[in-house]
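Here is a short tour of one protein model. Keep the structure open and follow each part as it comes up.

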Amino acid sequence: MSRVKVLRCRLTEDVFSVPVHEYVSQLIPEDFYSRVLSRRISYYTGRLMLASALAGFCGVRGLLETDICCSEHGKPYLTESFYLRTGIRKKIGFNITHSGNFLYMSFADAETSIDLEKIKLRKTMHDVAGKYYSAAENRVMAEAGEREAEWFFHFWTVRETLVKYSGNGLPDMNRFSFSVPAADSGDAESFDFAGKMDITPPDDCSVYRRDSVIATFLINEESAAGDEQYSLSLYLDSFSDLSSVEFLNMRIPDATHAEPDFIRIPAPRSIQLISRISGR
């Protein structure tokens, strides 16, 4: 793999029609059928997407229960037994996120993390921003007018992506120092935010690379309820620019084709909030 792949799939009950035995073995947890339907669909789709990515991009046919483990705070990763079983030497990084009716996964030959949030007004938005966001970030939100919720979720997905990358969970959420340049020509109200947000991790956090970036995207999706917007943030470990990212849509098998496959799609518009990690 020479690119970071961002895989997308619309969550639907049709996923249960997939002949999963051809791709995934022993991956249904004991409490699977007691979960709410939306949780079953996202879990099933995520495992199918990972198995399909491993098959399509790495030549690995089939995924075993022993191939996947989770950290203390729930970050999934491929186990040593997976690498021994498959003979793959270079580490494979992946991370899964879902919001609304969509699931996204980042898949790369380096550590990666990703977060997706549906943009909508929430009653707790200002309380959360007051607790976790810097004065500069709150200023950008205040100056954004009708796009305040959009900026709230861009800043939130950046944080979630950092936390998911570190694997330390929510306690790390307000331990980062964020610096947002002042908007000198209405940039805070513009989609193309010209500045870069510098991020300084806590002193005891050494997992971040100095040349790492977080790219944030604004995604427009159509749904039965109307147009929806999502914020997507992606951690790029040692990749220099967005040309290393390839966006693909996963098509669920149906009567016309037997296996899940991926169709290249245009990259969503970047908000140009290319957040650089500093302090390391």
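Helices here are DSSP runs of H or I with at least four residues, strands are runs of E with at least two, and both are numbered from the N terminus. The model is predicted, so local features need pLDDT of at least 70, side-chain atom pairs count only at pLDDT 80 or more, and totals for chains, interfaces and linings use all residues. Residues are numbered from 1 along each chain as its sequence is written, and side-chain values use heavy atoms, leaving out hydrogens and water.

H5 covers residues 148-166. How far apart should its ends be? At 1.5 Å a residue, its 19 residues should span 27 Å. The expected span is 1.5 Å times one less than the number of residues. The end C-alpha atoms are 28 Å apart, which agrees. H5 is mostly covered, with 19 of its 19 residues buried. Buried means under 20% relative accessible area, exposed means over 50%, and partly exposed lies in between (1.4 Å probe, protein chains only).

## The sheet

An open sheet of five strands runs in the order S4-S5-S1-S11-S12, with mixed pairing. Two strands pair if DSSP finds at least two bridges between them. Strand S4 (93-99) and S12 are the edge strands, each pairing on one side only. From one strand to the next, the twist averages 25°. S1 and S5 are antiparallel, joined over six bridges. Val6 stands opposite Ser106 in S5.

H1 packs on this sheet and touches S1, S4, S5, S11 and S12. Contact means heavy atoms within 4.5 Å. The direction of H1 makes about 30° with that of S5. Axes are lines fitted to C-alpha atoms, for helices over the stretch in contact, and angles run from 0 to 180 degrees between N-to-C directions.

Elsewhere, strand S6 (residues 112-118) pairs with strand S10 (residues 226-236) in the antiparallel sense over seven bridges. Ile114 has Leu234 in S10 as its bridge partner. S6 is mostly covered, with six of its seven residues buried.

## Nonpolar cores

A nonpolar core is a set of buried Ala, Val, Leu, Ile, Met, Phe, Trp, Tyr and Cys residues joined through side-chain atoms within 4.5 Å. Which residues of the largest core touch the most other members? Among its 33 residues, they are Leu54 and Phe107. Five elements each supply at least two residues: strand S1 (4-10), helix H1 (37-58), helix H2 (80-86), strand S5 (102-108) and strand S11 (245-251). H1 gives the most, with nine residues. Beyond residues up to four places away in sequence, Leu54 touches several others, including Val60, Leu78 and Phe82. A second, separate core of 27 residues includes Ala129, Ala144, Phe153 and Val158.

## Cysteines and a proline

The whole structure has zero disulfides. A disulfide here is a pair of cysteine sulfur atoms within 2.5 Å. Cys70 is in none, and the nearest cysteine sulfur, that of Cys69, is 6.4 Å away. Two cysteines are set side by side below.

| Cysteine | Relative accessible area | State |
|---|---|---|
| Cys9 | 2% | buried |
| Cys70 | 41% | partly exposed |

Pro268 sits in the loop between strand S12 (261-264) and strand S13 (269-270). Leaving aside neighbours within four places in sequence, Pro268 is in contact with Phe217, Leu218, Ile219 and Phe247. Its C-alpha atom is 9.2 Å from that of Leu232, 36 residues apart along the chain.
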